[in-house]
Protein chains: 2
Amino acid sequence: MTTQKPIRIAAIGLNHPHIYGMTRAVVNAGAELVALYAEEDDLAAAYQKAFPQVQRVADRRQILEDRSIELVVSAIVPDVRAATAIDVMRHGKDVMVDKPGLITLEQLADVRRVQAESGQIFSVCFSERFEVRAAARASELVAAGAIGKVVQTIGLGPHSLGLNPRPDWFFQRRRYGGILCDIGAHQCDQFLHFTGSTEAEVVASHIANHANPDKPELEDFGEMLLRGNRGSGYVRVDWYTPKGLGTWGDGRLTILGTDGYIELRKYVDIAGRPGADHLFLVNQKETRYVDCSDQELSYGRRLLDDIRNRTETAMPQAHCFLATELALKAEAQASRLVAG
Amino acid sequence: MTTQKPIRIAAIGLNHPHIYGMTRAVVNAGAELVALYAEEDDLAAAYQKAFPQVQRVADRRQILEDRSIELVVSAIVPDVRAATAIDVMRHGKDVMVDKPGLITLEQLADVRRVQAESGQIFSVCFSERFEVRAAARASELVAAGAIGKVVQTIGLGPHSLGLNPRPDWFFQRRRYGGILCDIGAHQCDQFLHFTGSTEAEVVASHIANHANPDKPELEDFGEMLLRGNRGSGYVRVDWYTPKGLGTWGDGRLTILGTDGYIELRKYVDIAGRPGADHLFLVNQKETRYVDCSDQELSYGRRLLDDIRNRTETAMPQAHCFLATELALKAEAQASRLVAG
């Protein structure tokens with residue numbers, strides 16, 4: 001390992017703070033962060049403070065045309081992520097984008113085509129799985145057969161609107177893509193991953209703005225019912241995290257197997273244990289709490305391996321596209337709820 | 001209160017052990033249990049042991065034609081509950097049946113007609129709400145505005161197949177009606193109650209037998225997505241409770257409001273607090289655990305009031321029918337899942 005040259009990476013677009021976790025995932029696994037392109041001076045300055053080794057370039061082509069750079073990470077505004085990723089792949093580099101990786105079915109078709117033509121990796125950093133230690137432990141437990149055959153998942157992704165000041169694009173539907181497209185994409189990823197489904201469809205979906213009439217383009221609630229070739233799934237997302245919670249969201253995942261179930265309380269165990277990464281396992285043998293704070297996260301390491309070896313160990317490429325497609329279709333076909 | 005004559009009640013059909021909770025709900029509220037009709041000697045003997053005051057009669061007409069009896073409780077086999085209830089109402093008595101109150105849309109139409117013609121009360125004992133102290137507390141909190149406007153509910157009703165020996169009819173679909181009709185009915189009741197919906201439809205539903213191929217008519221999994229005029233809802237039920245849980249099911253209800261949410265862990269707090277009736281409240285002010293073990297249950301008392309006063313305080317009649325209708329429609333239109 002130590003004899004390998006580090007993989008050189010760069011960042012293009014820092015518009016969502018997710019860029020920090022994305023960068024750290026690969027830098028902590030040994031990548032060398034060399035360059036940065038961002039239009040916004042304030043975002044660039046903050047990033048350079050966190051990563052003093054990075055050099056800001058004035059033109060993104062300085063990154064795209066630098067053949068020594070193998071991976072670009074991007075949290076540019078969602079509506080231009082697809083175009084950015086396509087540009088990166090056409091320049092012979094792999095790309096990791098923030099979720100949603102893209103926001104229309106047309107963009108998805110374009111990205112799929114360019115990815116296939118170029119053979120580059122298009123990875124969406126599904127942080128609610130890749131950066132959650134409890135989810136990593138759940139993957140191991142499921143693979144080991146701890147709950148029998150998985151037949152269903154329920155993913156709840158409440159989020160906090162107020163936690164950080166949101167930029168204008170956050171409230172413009174044509175730029176963020178809608179709630180199911182955006183934070184729903186995480187949930188589609190987890191559904192496919194934990195059921196092991198390689199084919200799936202959206203059975204039904206709802207969106208709503210129940211609580212934010214002053215933000216007419218915001219969808220503050222969404223839900224969907226999914227059916228895969230290896231199980232079904234339900235997803236609910238919202239922007240209602242109340243101030244009394246103390247963190248940004250009570251994210252949950254319940255994985256139902258024929259011989260048990262696993263519940264993740266990812267970020268908080270309400271009125272319970274302190275900290276995050278709580279896993280509860282109930283099976284034919286026992287009911288057990290598992291503290292996952294020491295669990296290894298492997299996404300960054302595996303992605304660097306994949307870049308070297310042209311493999312798909314961090315996430316199968318088809319899975320990445322299917323998770324994105326489900327979220328987009330759920331959004332496109334959603335009925336809008338207007339509760340009385 | 002003490003000057004009122006007690007309401008005289010009788011039981012017809014003891015085929016599900018729910019009859020004990022149903023009987024106690026009204027006996028504890030002051031009803032006088034006077035008569036019992038059941039074909040099965042063993043079931044009758046057990047019931048008489050629990051309620052020594054009750055007299056077994058040889059012909060159900062002795063109950064139906066006794067004008068001093070005002071209420072009949074019945075946990076007869078589901079496929080004949082509707083006919084039993086109709087008989088009771090046509091004899092000028094109110095009736096409380098176990099859930100599912102009936103198992104076909106034709107039966108529902110008949111019961112609705114006879115109820116309207118007779119003016120008698122047709123009540124289904126939705127024990128997962130009426131007999132759960134945490135649910136009663138949740139009703140109070142929601143009514144007091146603790147979580148703002150309720151917009152959605154998620155009800156999870158896992159059950160244990162093995163907890164008591166199940167009779168043959170339990171595995172015969174034409175007799176129990178299917179999983180969404182049966183244990184799903186509880187969840188439809190809670191969805192309507194907590195969202196306050198008076199109109200609702202089934203958006204999509206699934207049934208499956210994932211784990212019990214030796215019981216071909218058993219549906220061991222079901223889920224449905226609901227849309228009401230005051231909120232939406234998701235329901236998942238199954239017969240997978242694993243042996244390591246230590247009780248019959250990890251029943252949960254999450255009530256999502258625009259200013260907070262309530263989670264009920266009705267029967268167990270896995271790897272957490274002992275006992276049952278756990279309520280968790282998160283709102284703009286706080287995250288709080290509420291032990292509901294002292295909460296009053298009011299269904300029995302209110303039903304006796306309704307019998308006296310011809311009111312609908314225990315449960316609106318239209319709500320009882322709509323909850324039943326949703327469960328029946330979800331069952332009738334369900335896609336059958338076959339996971340690979």
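By what turn and what shift along the axis can chain B be laid on chain A? A turn of 180° and a shift of 0.0 Å along the axis place chain B on chain A with an RMSD of 0.0 Å, the copies being superposed by least squares on the C-alpha atoms of residues with pLDDT of at least 70 in both. That is the relation of a two-fold axis. The same surface serves both copies, since 100% of the contact residues of chain B recur in chain A; contact means heavy atoms within 4.5 Å.

The model is predicted, so that local features need pLDDT of at least 70 and side-chain atom pairs count only at pLDDT 80 or more, while totals for chains, interfaces and linings use all residues. Residues are numbered from 1 along each chain as its sequence is written, chains are lettered from A and ligands numbered from 1 in the order in which they are written, and side-chain values use heavy atoms, with hydrogens and water left out.

Chain A holds eleven helices and 15 strands. Helices (H or I, at least four residues) and strands (E, at least two) are DSSP runs, numbered from the N terminus. The C-alpha atoms of chain A fill a box of roughly 55 × 50 × 40 Å along the principal axes. The radius of gyration of chain A is 20 Å, which agrees with the value near 20 Å for a compact globule of 340 residues; this radius is taken over C-alpha atoms, and the globule rule is 2.2 Å times the number of residues to the power 0.38.

Of the 340 residues of chain A, 61% count as buried, where buried means under 20% relative accessible area, exposed over 50%, and partly exposed in between (1.4 Å probe, protein chains only). Among the contacts in chain A with a separation of 6 or more, 69% come from residues 24 or more positions apart. Carbon and sulfur atoms contribute 48% of the accessible surface of chain A, which comes to about 12900 Å² (Shrake-Rupley method, 1.4 Å probe; for residues, only the protein chains shown count as cover). Chain A carries 39 positive and 44 negative charges, and their mean positions are 2 Å apart. Lys and Arg count as positive and Asp and Glu as negative, without His and the chain ends; a charge is placed at NZ of Lys, CZ of Arg, CG of Asp or CD of Glu.

Pro242(B) is found in the loop between β10 (231-238) and β11 (252-257) of chain B. Because its relative accessibility is 2%, Pro242(B) counts as buried. Leaving out residues up to four places away in sequence, Pro242(B) touches Asp259(A), Gly260(A), Tyr261(A), Val282(A), Asn283(A) and Gln284(A).

Most residues other than glycine have a negative phi, and most peptide bonds are trans. Lys99(A) and Pro100(A) are joined by a cis peptide bond with omega of about -5°, and Pro100(A) is placed in the loop between β5 (94-98) and α5 (105-118) of chain A. In chain B, a cis peptide bond with omega of about -5° joins Lys99(B) and Pro100(B). Asp277(A), a residue other than glycine, has a positive phi near 60° and lies in the loop between β12 (260-265) and β13 (278-283) of chain A. Asp277(A) is buried, with a relative accessible area of 13%. The phi of Asp277(B) is likewise positive, at about 60°, and Asp277(B) is buried with a relative accessible area of 12%.
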